[in-house]
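Subject: Structure handover and findings

Hello,

The structure you asked about is below. My notes on it follow.

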Amino acid sequence: MDRQPANYFGAGPAMLPTDVLQQAARDLINFQGVGLGIGEISHRSKEAGAVIESTKAHVRELMGVPDTHEVFFLQGGGTTGFSSIAANMAAAHVARTGQAGTAAYLVTGSWSAKAEEEAARLGLATERLVDVKRARGKYGSIPATVEWIGSLSRDKHSYVYLCENETVHGVEWPEVPEELVACGVPVVADLSSDILSRQIDVGRYDLIMAGAQKNIGLAGLTMYIIRKRLLEDISSVSDEKLAAAGVPLAPIATHYPTAVANNSAYNTIPMFTLHIMDLVFQRLLERGGLPVQQKENAEKARTLYNALDKYPDFYCLPVEKDVRSLMNVVFTLKKEGLDDKFLEQAKVRGLSGLKGHRSVGGFRASLYNAVDVSSVRKLAKFVEEFAQENS
């Protein structure tokens with residue numbers, strides 16, 4: 001039931017706090033003395049209902065979720081979210097305007113690109129208002145809001161989508177632009193890899209999707225926070241009207257009003273995974289909530305970026321400073337032939353999970369909430385020593 005502290009920087013599934021896993025392990029055997037494990041109880045039992053309500057309540061407390069928004073959970077991860085968002089938000093637009101709209105995407109990395117591709121694959125009209133790679137040859141920046149905000153239209157666009165933190169390319173939106181919130185087009189954001197890493201104003205978002213396996217739990221479950229008005233719109237439009245508008249129906253398991261009406265238990269919700277999320281939320285609250293976590297995450301990111309920036313002739317940091325991710329630090333070596341040596345020597349020091357995504361290579365250090373400040377300091381020290389020894 002115990003393990004040595006790990007200095008693990010993998011991008012996901014990510015590390016979880018040991019004390020959370022220890023409690024989860026006990027509850028997997030016997031949950032609250034009922035004689036069954038949390039993964040064995042019925043998802044419609046009073047015990048399961050209490051876990052669902054507890055998790056929702058702790059999310060609301062941590063994030064300051066207003067009464068205008070509903071919290072619910074669905075099986076699957078971000079990829080499931082890509083399609084469920086497209087279908088549900090298209091339905092909301094039909095309810096509001098009587099016709100199919102165009103989904104607007106702000107593509108700043110591979111995950112927002114995949115989201116747009118899935119919406120288009122489903123047969124929905126899409127538009128890339130921003131496509132950084134197409135415009136600038138590579139990802140690593142976010143265009144100024146003034147460059148694209150004028151293209152958004154409430155009548156035309158069913159929603160505008162952004163991935164707040166691109167795990168592969170290390171790009172993070174510092175915040176949702178005020179001009180975007182004011183434009184009247186529903187704002188949809190994938191917060192899978194920076195959820196609960198910092199304080200945000202939930203009221204700026206119409207729909208938040210967050211896969212669990214980065215900052216808040218195990219793979220297989222996704223949290224959604226949706227404006228209640230959208231739920232009403234989706235509920236009000238008939239299947240026949242959607243078919244006439246050429247909008248695909250959301251499968252019943254990912255139909256948002258159905259999920260909310262059944263308290264996230266229309267089908268069998270993975271209770272063990274949800275319980276771990278709740279344990280993570282409780283731990284965050286006990287440690288002081290998001291103000292404390294945000295301060296710690298800022299220190300971790302500052303420590304590592306400062307170490308890398310000291311050696312500009314040795315390390316390449318491809319992301320513009322003002323949009324560098326606090327969660328996923330990406331970098332490469334300017335000197336060829338040293339990548340394997342870097343990983344091998346890092347492993348000797350107990351530093352793991354540093355290999356970059358296969359699509360971009362190089363290195364990536366993910367500094368999720370469960371990564372301790374001491375681990376980042378060890379990595380920063382190694383980064384400096386490796387540069388000094390190999391320059």
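How many helices and strands does the secondary structure of the protein chain come to? The count is 13 helices and 14 strands, where helices (H or I, at least four residues) and strands (E, at least two) are DSSP runs numbered from the N terminus. The radius of gyration of the protein chain is 22 Å, close to the 21 Å that the globule rule gives for 391 residues, so the chain is as compact as a globular protein of that length. That radius is taken over C-alpha atoms, and the globule rule is 2.2 Å times the number of residues to the power 0.38. The C-alpha trace spans about 70 × 60 × 30 Å along its principal axes.

Some conventions before the details. This is a predicted model, in which local features need pLDDT of at least 70 and side-chain atom pairs count only at pLDDT 80 or more, while totals for chains, interfaces and linings use all residues. Residues are numbered from 1 along each chain as its sequence is written, and side-chain values use heavy atoms, with hydrogens and water left out.

Burial and cysteines

Of the 391 residues of the protein chain, 54% count as buried. Buried means under 20% relative accessible area, exposed over 50%, and partly exposed in between (1.4 Å probe, protein chains only).

A search of the whole structure finds zero disulfides, a disulfide being a pair of cysteine sulfur atoms within 2.5 Å. Cysteine 183 is in no disulfide, and the nearest cysteine sulfur, that of cysteine 163, is 19 Å away. Cysteine 183 counts as partly exposed because its relative accessibility is 23%. Cysteine 316 also has an intermediate value: at 29% relative accessibility, it counts as partly exposed.

Largest pocket

Pockets and cavities were found on a 1 Å grid over the protein atoms alone. A cavity is a set of points where a 1.4 Å probe fits but cannot get out; a pocket is an open set with protein on both sides within 12 Å along at least five of seven lines; lining residues have an atom within 4 Å of a point. Grid points are joined across faces, edges and corners, and a volume is the space filled by probe spheres set on the points.

The largest pocket has a volume of about 430 Å³. Its lining consists of 19 residues, of which Tyr139, Val168, His169, Ser359 and Val360 lie nearest the centre. The elements that give two or more residues to this lining are α4 (110-121) and β12 (328-333). By class, the lining has eight nonpolar, seven polar and four charged residues. Here Ala, Val, Leu, Ile, Met, Phe, Trp, Tyr, Cys and Pro count as nonpolar, Asp, Glu, Lys and Arg as charged, and the others, Gly among them, as polar.

The domain bounds come from an automatic or database domain assignment.

Cavities

The whole structure has five cavities of 30 Å³ or more. The largest cavity has a volume of about 110 Å³ and is lined by 13 residues, with Pro17, Asn215, Val280, Asn369 and Ala370 nearest its centre. Helix α10 (residues 271-286) gives the largest share of that lining, three residues. Seven of the lining residues are nonpolar, three polar and three charged. At least three residues of the lining come from each of domain 1 (27-284) and domain 2 (288-389).

The second largest cavity has a volume of about 80 Å³. Among its lining residues are Met89, His93, Arg96, Arg154, Arg229 and Asp233. The elements that give two or more residues to this lining are α3 (78-97) and α7 (228-236), and α3 gives the largest share, four residues. Its classes are four nonpolar, two polar and four charged.

Backbone points to check

Most residues other than glycine have a negative phi, and most peptide bonds are trans.

- A cis peptide bond, with omega about 0 degrees, joins glycine 12 and proline 13; proline 13 is in the loop between β1 (7-8) and α1 (18-29).
- Glutamine 32 has a positive phi of about 50 degrees. This residue is in the loop between α1 and α2 (46-63) and counts as exposed, at 61% relative accessibility.
- Serine 264 has a positive phi of about 65 degrees. It is found in the loop between α9 (256-261) and α10 and counts as buried, at 5% relative accessibility.

Regards
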